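Colleague: I would like to learn how to read this fold. Can we go through it feature by feature?

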Amino acid sequence: MQLIDTHCHLNDRDAFPIVGMAVNEAMAAGVARMIVVGVDTASSERAVSLAEEFTELYAAVGWHPNHASDYRAGELPTIRTLLAHPKVVALGEIGLDFYRDHASRADQFECLSGQLDLAVETGKPVVFHCRDAYDELLTVLESRPAHKYLFHCFAGSVDAARRGIALGGWFGVDGPVTYKSSGPLRDVLATLPRDRIVIETDSPWMAPIPYRGQRNKPAWVTEVNKGLAEALGLSDEDCAQLTTSNALAFFGDMGVV
Ligand SMILES: [Zn+2]
C-alpha cells in the first residue's frame with residue numbers, strides 16, 4: 001500500500017524540529033510522498049529547502065489568508081521564483097478564512113487575487129484553504145478562467161461541493177473523516193466524483209482517531225485513508241490506490257513509480 005500525504009506542515013520548526021524522523025516514520029507506514037505547504041514567504045522557502053533535502057518531500061508555496069495582513073504585492077516575484085523550482089508542485093495554500101480574523105477581508109481578497117493571477121501565469125495548480133467562506137471563494141473562482149483547483153480539508157456543504165465539482169475541483173480529506181460526529185461530512189464526501197478525492201494530514205493539526213488531540217504527523221495519513229475507505233465503502237487497499245493515483249493526477253508524478 002502506497003499513500004501520499006498531500007498536505008502537511010513539516011516546515012513548522014516547533015512541531016517538527018527533526019524532520020527526518022517524521023519522514024522516516026511516514027515512509028515506514030507506507031507514505032511514499034509528502035507535500036509540504038507554505039503559508040508565507042519564509043515557510044514557503046523552508047518547504048522548498050526541505051524538498052531539496054528529502055527525496056520523499058515536495059512543496060507548495062504561497063500566502064495563507066491568515067497571513068494576508070503581512071502580504072504585499074512585492075512578495076509575488078519571490079513566490080514566482082519558488083514556483084519555478086522542479087519540486088514545487090502547486091501554489092498554496094491560499095484562499096479565504098472568515099472563521100478567524102487574523103487579516104481583514106479586504107486584505108484576504110487582495111492576497112488571493114494577486115496569487116490567482118500568478119497561478120494562471122505559471123500554470124501551477126492551486127491548493128485552497130477555505131473556512132466559513134465557500135460562497136465568497138467559489139464566487140471569485142466562478143468569475144475567472146478555468147484552472148486546476150484543490151479544496152484542501154474540504155468542509156463545505158453539498159451545494160459548495162456541487163459548485164466546486166462544476167469548476168472541475170479536487171477535494172482534500174483529513175482527520176475529521178474519522179470523527180464520530182462527522183456524519184454530515186461523510187455524506188458530502190459520498191457525493192464527490194471518486195477521481196477527485198485526495199488524502200492529507202494537515203499535520204501538525206487535525207489528528208485522526210485514535211490520535212485525536214495529539215500533534216499530528218504524516219505517518220497518520222494511514223488513519224485518514226481508513227476513515228475515507230469506510231465512508232466510501234472501499235477496502236483500505238483500494239482507497240489507497242484511488243487516492244494515490246488521484247494525487248499524482250493533480251500534482252504530477254513526483255517520481256512515484
Ligand atoms: Zn495547511
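Modeller: Start with the elements. Helices (H or I, at least four residues) and strands (E, at least two) are DSSP runs, numbered from the N terminus. The protein chain here has nine helices and eight strands. This is a predicted model: local features need pLDDT of at least 70, side-chain atom pairs count only at pLDDT 80 or more, and totals for chains, interfaces and linings use all residues. Residues are numbered from 1 along each chain as its sequence is written.

Colleague: What does the radius of gyration say about the protein chain?

Modeller: The radius is taken over C-alpha atoms, and the globule rule is 2.2 Å times the number of residues to the power 0.38. The protein chain has a radius of gyration of 17 Å, close to the 18 Å that the rule gives for 257 residues, so it is as compact as a globular protein of that length. Its C-alpha trace spans about 45 × 40 × 35 Å along the principal axes.

Colleague: In what order do the strands of the sheet stand?

Modeller: Two strands pair if DSSP finds at least two bridges between them. Here eight strands form an open sheet in the order β1-β2-β3-β4-β5-β6-β7-β8, with parallel pairing. β1 and β8 (197-199) stand at the edges with a single partner strand each, so one side of each is left without a neighbour in the sheet. From one strand to the next, the twist averages 30 degrees. Axes for such angles are lines fitted to C-alpha atoms, for helices over the stretch in contact; angles run from 0 to 180 degrees between N-to-C directions.

Colleague: Which strands does helix α4 touch?

Modeller: Contact means that two C-beta atoms, placed from the backbone, lie within 7 Å. Helix α4 (residues 105-122) packs on the sheet and touches β4 (88-97) and β5. The direction of α4 makes about 155 degrees with that of β4.

Colleague: How many bridges join β1 to β2?

Modeller: Four bridges join strand β1 (residues 3-8) to β2, and the two run parallel. I4 has R33 in β2 as its bridge partner. β2 also pairs with strand β3 (residues 57-61), in the parallel sense, over four bridges. There, M34 stands opposite L57 of β3.

Colleague: What is the hand of the β-α-β units around β2?

Modeller: Point the strands away from the viewer: a crossover is right-handed if the path from the first strand over the helix to the second runs clockwise. β1, helix α1 (residues 19-28) and β2 make a right-handed unit. β2, helix α2 (residues 41-53) and β3 make a right-handed unit too.

Colleague: Which residues touch the most other members of the largest nonpolar core?

Modeller: A nonpolar core is a set of buried Ala, Val, Leu, Ile, Met, Phe, Trp, Tyr and Cys residues joined through C-beta atoms within 7 Å. The largest one holds 78 residues; I35, V36, A59, A60 and V61 touch the most other members. Leaving out residues up to four places away in sequence, A59 touches I35, V36, A47, V48, A51, K87 and V88.

Colleague: And where does S69 lie?

Modeller: S69 lies in the loop between β3 and α3 (76-83). S69 has 14 C-beta neighbours inside 10 Å, so it counts as partly exposed.

Terms used. A residue is buried if 20 or more other C-beta atoms lie within 10 Å of its own, exposed if 12 or fewer, and partly exposed in between; C-beta atoms are placed from the backbone.
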